[in-house]
Amino acid sequence: MTDSARTPLMAGNWKMNLNHVEAVHLLQKLSWTLQDKKHDFERVEVAVLPPFTDIRSVQTLVDGDRMKIKYGAQDVSVHDSGAYTGEISAAMLTKLGCSYVLAGHSERRQYHDEGDALVNAKATKALAAGLVPIVCVGEGLDIRKAGEHVEYTLAQVDGALAGLKQDDIRKVVIAYEPVWAIGTGEVATPEDAQEVCAAIRSRLEETISPSVADSVRILYGGSVKMSSAGGIMAQPDVDGCLVGGASLQVDEFAGICRYLDLQLGYSS
Ligand SMILES: O=C(CO)COP(=O)(O)O
């Protein structure tokens with residue numbers, strides 16, 4: 001990203017990994033590592049997205065140690081309360097001190113058949129409860145091969161944000177995660193990431209407003225590693241990374257969060 005008012009965000013999506021004991025260990029180590037390197041959390045925001053069962057332990061640790069690491073959940077119900085077995089409401093997440101929640105991760109779209117209308121409903125509920133939704137979009141390999149990735153992704157963005165108020169959209173984080181690059185080791189090139197992130201920003205400019213387009217943070221996700229983060233972050237429309245596998249390794253994730261320091265050649 002270039003100079004702008006948007007604070008970069010590095011978010012670790014732990015997916016279905018780490019029980020609450022393991023979560024506490026990893027978070028403690030991550031916090032020590034970043035503190036040791038004098039990470040400036042105002043300059044690059046850091047968040048983790050653990051499984052639901054870990055969140056209470058994460059909250060206790062973050063509060064107790066006054067960590068500057070933020071946290072959130074990987075999914076949220078569209079319902080407020082009631083007979084929805086297995087669901088977790090936005091208000092429950094707010095009560096646990098969550099800042100963020102993913103909406104429409106490709107694995108939810110793939111394994112739970114989530115479509116744009118449901119993603120839109122989840123983002124709406126999250127915002128109403130004071131959570132920032134990280135709305136995930138991105139194309140599969142067939143669509144990429146057909147050259148329709150931009151169009152396809154923009155349609156997902158339109159669908160996810162439909163009917164939201166401008167001031168709410170301003171808070172939303174969008175994560176462009178090409179499905180073919182998730183968990184495959186296949187990283188989109190920085191130019192691939194920039195192409196779609198720029199198209200998303202232009203779409204927001206046209207359909208919402210230039211000032212909203214300028215405020216919304218757009219992340220890239222898909223096999224991001226410490227070694228690739230710098231190149232991706234150098235792109236003007238990429239404002240952070242949504243990291244899967246590498247967020248489970250403290251040194252890798254800390255390195256991703258410290259992409260600026262590492263670029264400047266400070267000690268790793
Ligand atoms: O899905 C992702 C983050 O939400 C990306 O996962 P990987 O970084 O493991 O490819």
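## Getting to know the barrel

His 105 is buried, because 28 other C-beta atoms lie within 10 Å of its own (buried means 20 or more such atoms, exposed 12 or fewer, partly exposed in between, with C-beta atoms placed from the backbone). Keep in mind that this is a predicted model: local features need pLDDT of at least 70, side-chain atom pairs count only at pLDDT 80 or more, and totals for chains, interfaces and linings use all residues. Residue numbers start from 1 along each chain, as its sequence is written.

**Exercise 1. Find the residues annotated "active site" and say where they sit.**

Step 1: Check the record. The unreviewed UniProt entry puts "active site" on His 105 and Glu 177. They are spread over 73 residues of sequence, yet they cluster in space, with a largest C-alpha distance of 8.5 Å. (UniProt positions follow the numbering used here, feature names are shortened, and annotations may be inferred rather than shown by experiment.)

Step 2: His 105 belongs to the loop between strand 4 (100–103) and helix 4 (106–111). Glu 177 is in the loop between strand 6 (173–176) and helix 9 (190–207). (Helices, H or I with at least four residues, and strands, E with at least two, are DSSP runs numbered from the N terminus.)

Step 3: Look around each one. Skip the neighbours within four places in sequence, and His 105 is in contact with Gln 74 and Cys 136 (contact: C-beta atoms, placed from the backbone, within 7 Å). On the same terms, Glu 177 is in contact with residues including Ser 106, Cys 136 and Gly 138. Glu 177 is buried because it has 29 other C-beta atoms within 10 Å.

**Exercise 2. Work out how the strands are arranged.**

Step 1: Start with the whole. There's a closed barrel of 8 strands, running 1-2-3-4-5-6-7-8 with parallel pairing (strands pair if DSSP finds at least two bridges between them).

Step 2: Follow strand 8 to its partners. Strand 1 joins strand 8 through 4 bridges, and the two run parallel; here Met 10 has Cys 241 as its bridge partner. Strand 7 (residues 217–221) also pairs with strand 8 in the parallel sense, over 2 bridges, and Gly 221 is bridged to Leu 242.

Step 3: Check the faces of strand 8. Gly 240 and Leu 242 are on one side, Cys 241 and Val 243 on the other, and all are buried, so both faces are covered.

**Exercise 3. Which residues of helix 12 are buried, and what do they pack against?**

Step 1: List them. In helix 12 (residues 250–257), the buried ones are Phe 253, Ala 254, Gly 255, Ile 256 and Cys 257.

Step 2: Find their surroundings. Among the elements they pack against are strand 1 (9–13), helix 1 (20–36) and strand 8 (240–243).

Step 3: Zoom in on Ala 254. It is buried because 22 other C-beta atoms lie within 10 Å. Ala 254 and Leu 30 are 224 residues apart in sequence but 6.6 Å apart in space, C-alpha to C-alpha. Beyond four places in sequence, Ala 254 is in contact with Leu 30, Thr 33 and Leu 34.

Step 4: Turn to Ile 256. The largest nonpolar core has 78 residues, and Ile 256 is among those with the most contacts inside it, along with Val 135, Ile 174 and Tyr 176 (a nonpolar core is a set of buried Ala, Val, Leu, Ile, Met, Phe, Trp, Tyr and Cys residues joined through C-beta atoms within 7 Å). Not counting residues up to four places away in sequence, Ile 256 touches several residues, including Met 10, Cys 241 and Val 243.

Technical notes: Contact = placed C-beta atoms within 7 Å.
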